[in-house]
Amino acid sequence: YGKFFVDDEEHMACHYAIREEGKLVASVGIYPYTVYIGDKKFTFATVGNMGVDPSTRGKGYMNELYLNANKVLNEKGIDVARLGGLRSRYDRYGYEPCGFMYNFFFIKRNGQEYLRNNDVPNYEIKTFKETDKEIMDFIRSIYNKQGIHIDRGDDHNFYQNLIFFESVPYVALIDGKPVGYFSTDGGNIYDLAADTPENFVGILATFAAREEKDYHLMIAPDMVENIRLLSKVSEDMKLTISSRYKIMNWAGIIEASLALKATVAPLTDGELILGIEDYGNFKISVKNGEPSCEKTEENADLTLRTHEASRLLFGPL
């Protein structure tokens with residue numbers, strides 16, 4: 001979603017503030033963005049950039065801002081909100097650890113061994129600019145094929161995401177044709193994507209083999225073939241929670257997530273009516289491998305608090 005702080009009405013309208021006698025003493029940002037889960041479109045929002053003047057701490061301003069943020073999220077029809085920070089601080093507002101990411105740690109020797117033992121194409125890996133139209137078109141197309149991805153807007157906003165953490169973007173080419181891309185801050189690999197799983201690992205191995213640094217990258221769990229290949233050659237791996245989420249559109253997110261899961265693993269037919277405290281009852285069904293979820297007045301088979309439902313459906317429970 002590009003840079004948070006841009007001096008225009010669109011960006012600054014995302015920030016909510018408290019003033020004492022005209023002086024800004026506390027603020028928080030709510031940044032909406034479009035997310036695709038499979039072919040379903042949702043509106044997410046990051047809530048963050050919280051700040052409180054040290055001289056006014058203890059007056060409950062953070063609590064006021066986050067209660068107001070929950071109200072704004074509902075008014076704007078946000079499907080899911082996310083934030084970082086301490087669980088003990090933010091769970092009271094409905095945020096709970098959800099989602100998994102595969103974390104891989106890849107060192108120079110991993111790259112060298114992979115290149116030695118596999119028939120790897122001769123990649124040309126080079127930096128690029130947002131004005132490189134052909135490369136940007138390729139990158140946008142390959143990024144948008146991912147099972148979960150954000151609508152990053154035009155080329156300028158997309159490129160801003162690639163350089164967000166002072167990262168440098170790279171494209172990988174075979175005989176002048178782009179086959180993959182990534183960005184890196186020198187220790188983390190962001191956004192690595194390629195037209196095939198073999199090119200995905202080959203690009204990483206080629207880049208790591210020529211560098212003197214160790215690299216860390218995270219991969220979404222639906223990228224099954226990439227994970228299988230990379231897990232064979234990486235130095236280490238672990239699972240971590242994606243972030244802290246507050247889910248409001250339960251039916252839509254459950255159905256879309258199950259549909260995405262069905263693209264990489266068969267689903268067993270069945271039905272569960274799940275009651276979620278403060279949200280109602282939901283009929284979760286799989287028929288002939290096709291999932292659906294809708295709100296229902298039928299009695300629940302199982303009723304959970306909101307945080308428990310988050311952990312059961314999307315987290316570590």
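1. **Salt bridges overall.** The predicted structure holds 13 salt bridges. Side chains of opposite charge can pair when their charged atoms come close. The points below take up several of these pairs.

2. **Glutamate 96 and arginine 311.** These two side chains meet in a salt bridge, at 2.5 Å from N to O. Buried or exposed? Both glutamate 96 and arginine 311 are buried. Each therefore has under 20% relative accessible area.

3. **Glutamate 212 and lysine 108.** Here the salt bridge has an N to O distance of 3.2 Å. This pair also links distant parts of the chain, 104 residues apart. Glutamate 212 lies in the loop between helix H7 (197-210) and strand E11 (215-219). Lysine 108 belongs to helix H4, residues 108-117. Glutamate 212 counts as exposed because its relative accessibility is 67%, and the cut-off for exposed is over 50%.

4. **Glutamate 211 and arginine 210.** A salt bridge joins glutamate 211 to arginine 210, and their closest N and O atoms are 3.3 Å apart. Glutamate 211 is partly exposed, because its relative accessibility is 22%. Arginine 210 is partly exposed too, at 43%.

5. **A network.** Which residues are linked in a network of salt bridges? They are Lys133, Asp137, Arg140 and Asp155.

6. **Helix H8.** This helix covers residues 224-233, and its buried residues are Asn226, Ile227 and Leu230. Viewed down the H8 axis, they fall within an arc of 95 degrees, so they line one face of the helix. What do the buried residues of H8 pack against? Their partners are E5, H7 and E11.

7. **Nonpolar surface patch.** Leu302, Leu312, Leu313 and Leu317 form a nonpolar patch on the surface. Together they have about 320 Å² of accessible area. Leucine 313 is found in helix H10, residues 306-314. Leucine 313 is partly exposed, because its relative accessible area is 30%. Arginine 311, in contrast, is buried.

Technical notes: Residues are numbered from 1 along each chain as its sequence is written. This is a predicted model: local features need pLDDT of at least 70, side-chain atom pairs count only at pLDDT 80 or more; totals for chains, interfaces and linings use all residues. Side-chain values use heavy atoms; hydrogens and water are left out. Patches are made of residues with over 30% relative accessible area and no salt bridge: like charges are joined within 9 Å, nonpolar side chains (Val, Leu, Ile, Met, Phe, Trp, Tyr) within 5 Å. Accessible areas come from the Shrake-Rupley method with a 1.4 Å probe; for residues, only the protein chains shown count as cover. A salt bridge is a side-chain nitrogen of Lys or Arg within 4 Å of a carboxyl oxygen of Asp or Glu. Helices (H or I, at least four residues) and strands (E, at least two) are DSSP runs, numbered from the N terminus. Buried means under 20% relative accessible area, exposed over 50%, partly exposed in between (1.4 Å probe, protein chains only). The arc is that of the directions from the helix axis to the C-beta atoms. Contact means heavy atoms within 4.5 Å.
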